[in-house]
Amino acid sequence: MLATYYTVKESGEHEIVIQKSRFIAQIARATTEAEAQAFIEAIKKKHWNATHNCSAYLIGEKDEIQKANDDGEPSGTAGIPILEVLKKRNLKDTVVVVTRYFGGIKLGAGGLIRAYGGATSEGLNAIGVVKRTLMQVVHTQIDYHWLGKVENELRQSPYLIKEISYLDQVEVQTYVVEDQTDAFTNWMTNLTNGQATIKTGELEYLEEAA
């Protein structure tokens with residue numbers, strides 16, 4: 001699993017108009033090629049009457065899966081420019097379909113490359129990109145009288161609280177960078193005079209705006 005990577009924040013779309021042609025960038029996450037292809041097919045079905053539905057996707061920790069499709073536009077003027085934007089933005093697990101409704105004015109090869117690349121860039125800017133960081137979830141169980149101090153110290157620390165559960169004891173789940181787990185455990189042990197029960201849990205990706 002990658003320590004950090006960037007991907008699109010959520011599924012969404014964004015439209016621009018260039019020389020009377022509509023370019024609609026539709027963007028989503030896809031962790032498998034099947035997901036990417038299913039998204040592309042859904043867009044093609046939705047925009048069945050469009051002039052073109054050009055697409056590209058980039059999937060895998062090392063970008064193992066890369067595909068680009070011009071869907072009838074001159075070779076290299078649509079799918080590749082979309083894919084290049086994803087690469088330049090260092091995005092992973094992302095699929096894009098740019099739908100074009102022709103407006104009657106031909107753009108030429110250079111114009112098409114700029115249009116498809118621009119539609120993708122503007123779509124990403126509108127929808128947003130997130131940084132995903134792999135974190136260790138640490139479970140800390142404490143008696144209720146420690147809660148105020150522990151919560152206050154955590155909120156002033158670099159550690160992020162994931163969740164607080166109020167059971168027989170309080171359980172505080174905290175996101176900790178994996179190689180800082182020992183340091184966190186020592187810090188929490190000292191903070192609670194050794195009265196906390198601390199266990200490492202699952203690994204999860206924490207998302208924040210990029």
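Among contacts in the protein between residues at least 6 apart in sequence, what share joins residues at least 24 apart? The share is 72%. Welcome to a short tour of this predicted model, which has 5 helices and 10 strands. Its radius of gyration is 23 Å, whereas a compact globule of 210 residues would have one near 17 Å.

**Overall shape, surface and charge**

- Taken along the principal axes, the box filled by the C-alpha atoms is roughly 75 × 30 × 25 Å.
- Buried residues make up 45% of the 210 residues of the protein.
- The accessible surface is about 10,900 Å², and carbon and sulfur atoms account for 48% of that area.
- If you are thinking about charges, there are 22 positive and 28 negative side chains, and the centres of these two sets are 10 Å apart.

- Helix H2 spans residues 79-88, and its buried residues are Gly-79, Pro-81, Ile-82, Leu-83, Val-85 and Leu-86.
- The cover over these buried residues of H2 includes strands E4 (52-59), E5 (65-69) and E6 (94-101), along with helix H3 (108-127).
- Leaving out neighbours within four places in sequence, Lys-87 is in contact with Leu-58 and Gln-66.
- Lys-87 and Tyr-57 are 30 residues apart in sequence, and their C-alpha atoms are 9.9 Å apart in space.

**Aromatic pairs**

- A pair of aromatic rings is described by the distance of the centres and the angle of the planes.
- How many aromatic pairs are there? The count comes to 5.
- In one of them, the ring centres of Phe-23 and Tyr-116 are 5.2 Å apart and the planes stand at 90°, so this pair is edge-to-face.
- Phe-23 sits in strand E3 (residues 21-29) and Tyr-116 in helix H3, so the pair ties together parts that are 93 residues apart in sequence.
- Phe-23 counts as buried because its relative accessibility is 0%, and Tyr-116 is likewise buried at 0% relative accessibility.
- Tyr-159 and Trp-187 form a tilted aromatic pair, with 5.5 Å from centre to centre and 45° between the planes.
- Tyr-159 is in the loop between helix H4 (147-155) and E8, while Trp-187 is in helix H5 (residues 181-191), so this pair ties together parts that are 28 residues apart in sequence.
- Tyr-159 is buried, with a relative accessible area of 12%, whereas Trp-187 is partly exposed at 26% relative accessibility.
- Ring pairs join Tyr-159, Phe-184 and Trp-187 into a cluster.

- Is Ile-164 buried or exposed? Ile-164 counts as buried because its relative accessibility of 18% is under 20%.
- Not counting residues up to four places away in sequence, Ile-164 touches Leu-147, Glu-151, Arg-155, Val-170, Glu-171 and Val-172.
- Ile-164 and Arg-132 are 32 residues apart in sequence and 22 Å apart in space, C-alpha to C-alpha.
- Ser-165 counts as buried as well, at 17% relative accessibility.
- With neighbours within four places in sequence left aside, Ser-165 is in contact with Val-170 and Glu-171.

**Backbone angles worth a look**

- For context, most residues other than glycine have a negative phi.
- Asn-90, which follows H2, has a positive phi near 55°.
- Asp-93 lies in the loop between H2 and E6, and its phi is positive, near 50°.
- Asp-93 is buried, with a relative accessible area of 13%.
- Asn-193 also has a positive phi, near 55°, and is found in the loop between H5 and strand E10 (197-209).
- Is Asn-193 buried or exposed? At 58% relative accessibility, Asn-193 counts as exposed because that value is over 50%.

Methods: Residues are numbered from 1 along each chain as its sequence is written. This is a predicted model: local features need pLDDT of at least 70, side-chain atom pairs count only at pLDDT 80 or more; totals for chains, interfaces and linings use all residues. Side-chain values use heavy atoms; hydrogens and water are left out. Helices (H or I, at least four residues) and strands (E, at least two) are DSSP runs, numbered from the N terminus. The radius of gyration is taken over C-alpha atoms; the globule rule is 2.2 Å times the number of residues to the power 0.38. Buried means under 20% relative accessible area, exposed over 50%, partly exposed in between (1.4 Å probe, protein chains only). Contact means heavy atoms within 4.5 Å. Accessible areas come from the Shrake-Rupley method with a 1.4 Å probe; for residues, only the protein chains shown count as cover. Lys and Arg count as positive and Asp and Glu as negative; His and the chain ends are not counted. The place of a charge is taken as NZ of Lys, CZ of Arg, CG of Asp or CD of Glu. Rings of Phe, Tyr and Trp (its six-membered ring) pair if their centres lie within 6.5 Å; planes under 30 degrees apart count as stacked, over 60 as edge-to-face and the rest as tilted.
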